[in-house]
Amino acid sequence: MCGIVGYIGRRDVAPLLLEGLQRLEYRGYDSAGIAIQNSGRGGGLKVVKNAGRVRDLEAKVPARFAGTTGIAHTRWATHGAPNDTNAHPHLDALGEIAVVHNGIIDNSAELRAKLAADGVELASDTDTEVLAHLVARAQADTLEGKVREALRHIEGTYGIAVLHAAFPDRIVVARNGSPVVLGIGEKEMFVASDVAALVSHTRQVITLDDGEMATLKADDYRTYTTDGSRTATSPTTVEWAAESWDMGGHDTYMHKEIAEQPEAVDRVLRGRIDDRFATVRLGGLNLDPRAARAVRRVKILGCGSAYHAGLIGAQLIEELARIPADAEPASEFRYRNAVVDPDTLYIATSQSGETYDTLAAVQELKRKGAMVLGVVNVVGSAIARETDGGVYVHAGPEVCVVSTKCFTNTAVAFALLALHLGRIRDLSVADGRRIIEGLRKLPEQISAILREEERIAKLAAELAEAKSMLFVGRVRGFPVAKEASLKLKEVSYIHAEAYPASELKHGPLALIEPAVPTVAIIPNDELVDKNRATLEEIKARSGRIVAVAHEEQAKADETLVVPCNEPELDPILMGIPLQLLAYHTALALGRDIDKPRNLAKSVTVE
């Protein structure tokens, strides 16, 4: 992984590919490269690649690098160190075939050994290079046939684009577990792993399904399966314009996306509230009242921030709908041979809708006959297509690797789903109206929290000196603590751990000292006295305390006061100041905020 861009048409291809790579930088990467069909005498392929940023690649591309067909890639290392040789595109021995690849070839070691035994000299340490050699050795007469034959030997995940000097009029692409999107233009065609690379040129796109391939020519395209059968596809229109991926006057995408949360929350609510019946309308759910009442348990699956939003969602569903619910990392669920209960409603959540572990869990559940809904941000994504129905969170494009507005919108989407299920079951009209009024307050309350940014920034500058931090909360506060801990470590690289506040005395109290600050989540709910007792325990051991609460906490060294909403919705608000705290801590430490080290935005490998 991480980013693919390709173009075939009449325009000079190198600037288009470099622009596309720059739009995909947010996904995280360590090297970049470009291959084009040489438009000069003799044809053939020209390749430039290097470890480092796209700007370094751009500086390395020679002035005479003409062509109208090409592919490019940003790589996030899975096999082999980040260096010039391991960067994509990868070539066959004769330099006639170029391949870019997202995903992981599970049997690459076996394939490399076979190729080496046949006398093939492998130039890189990557799994991807074997694909170029397999395509070159295929006996088919067409590029499509060569790629199909090569893919029969591959086990694992891939999104690929292939050039061949002998077939200069086409690009062949294929998908299995890693996104591939086609862009339809006027006598030109695009391909990318993310629509962000396409929207400045076309908003007409086709998303390939797993097991699907496509041939792109300047004035035509066709899609088909890996066994050659034609597939019927038609373009859809991308909802967001190219400007949605710009920084909009902010210094970083993370800061922009934190600031966009009031509008984003308003979007996820818009058109969905039904005041007449004190409920919400979720048109794409595909779950009628009879089926909803038959649900006996809810299991939410996600990874990273999506999993933490699922923890909030599970609590909301239990509290409002009185259905037993829990959340689990999809990466664990798919491997533990879980019992799939026909009375359980499964919900998969993912910002990109392409997270591989979550998608694989969905596919396994569907194979076993489970009812699976999706809560995703990207319309038309793999999880959205694989599930029986679901809820789009409408956060808009989220460019920073670290999730903020999409996490918040996902939590709000779960509140809508919980209210919907609750009103079908036993939630009263009065409680339904109470939750609706709370939901309507969220955008302005988030704006009020954001207005405290200067104060939070000063606190973050002090906390930047910490080597480790603890985050604690009870029940509703615990998922907030987990997400806040993740945010801090992702973007600032400060070690952080989250614990249920009640678990402190069962071990973590041993870590308390002045040099290890504790952030305590203290909503003004039925557990407020218990949480204040936790502050006493920490203070007795000389620990520094930052409280996130609805009123000043006497035992805390600093309290970040947030507006009070309905108790069930308070966790949505209490995470907002901690996003700013993580951001400004990272800023104080000079971190690369939008592209944290070792991380990628859309994790489409295991």
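Axes are lines fitted to C-alpha atoms, for helices over the stretch in contact, and the angles between N-to-C directions run from 0 to 180 degrees. Helices (H or I, at least four residues) and strands (E, at least two) are DSSP runs numbered from the N terminus.

This is a predicted model, in which local features need pLDDT of at least 70 and side-chain atom pairs count only at pLDDT 80 or more, whereas totals for chains, interfaces and linings use all residues. Residues are numbered from 1 along each chain as its sequence is written, and side-chain values use heavy atoms, with hydrogens and water left out.

**Packing around helix H7**

Helix H7 (residues 261–269) packs with helix H14 (residues 429–450) at an angle of about 170 degrees, their axes being 8 Å apart. H7 is therefore roughly antiparallel to H14; angles under 35 degrees count as roughly parallel, over 145 as roughly antiparallel, 65 to 115 as roughly perpendicular and the rest as oblique. On the H7 side the contact (heavy atoms within 4.5 Å) is made by Gln261, Pro262, Val265, Asp266 and Leu269. H14 contributes Leu439, Arg440, Leu442, Pro443, Ile446, Ser447 and Leu450. These residues divide into 8 nonpolar, 2 polar and 2 charged. Here Ala, Val, Leu, Ile, Met, Phe, Trp, Tyr, Cys and Pro count as nonpolar, Asp, Glu, Lys and Arg as charged, and the others, Gly among them, as polar.

The axes of H7 and helix H13 (residues 405–424) come within 10 Å and cross at roughly 30 degrees. H7 is thus roughly parallel to H13. In this contact Gln261, Ala264, Val265, Val268 and Leu269 of H7 meet Lys405, Thr408, Asn409, Val412, Ala413 and Leu416 of H13. The division is 7 nonpolar, 3 polar and 1 charged.

**Helix H9**

Helix H9 (residues 305–321) has 17 residues and spans 23 Å from its first C-alpha to its last, close to the 24 Å expected at 1.5 Å a residue; the expected span is 1.5 Å times one less than the number of residues. Because 14 of its 17 residues are buried, H9 is largely enclosed by the rest of the structure. Buried means under 20% relative accessible area, exposed over 50%, and partly exposed in between (1.4 Å probe, protein chains only).

**Backbone features**

Most residues other than glycine have a negative phi, and most peptide bonds are trans. Arginine 322, which follows H9, has a positive phi near 55 degrees. Two further residues with positive phi are listed below.

The peptide bond from histidine 88 to proline 89 is cis, with omega near 0 degrees. Proline 89 is placed in the loop between E4 and strand E5 (90–91).

Threonine 69 belongs to strand E4 (residues 69–75) and is buried, at 4% relative accessible area. Apart from residues up to four places away in sequence, threonine 69 touches Tyr7, Ile8, Val13, Ala35, Ile36, Gln37, Leu163, Pro168 and Ile171.

Arginine 281 lies in the loop between strand E16 (279–280) and helix H8 (289–294) and is partly exposed, at 44%. Leaving aside neighbours within four places in sequence, arginine 281 is in contact with Gly271, Arg272, Ile273 and Asp274. Arginine 281 and glycine 271 are 10 residues apart in sequence and 7.9 Å apart from C-alpha to C-alpha.
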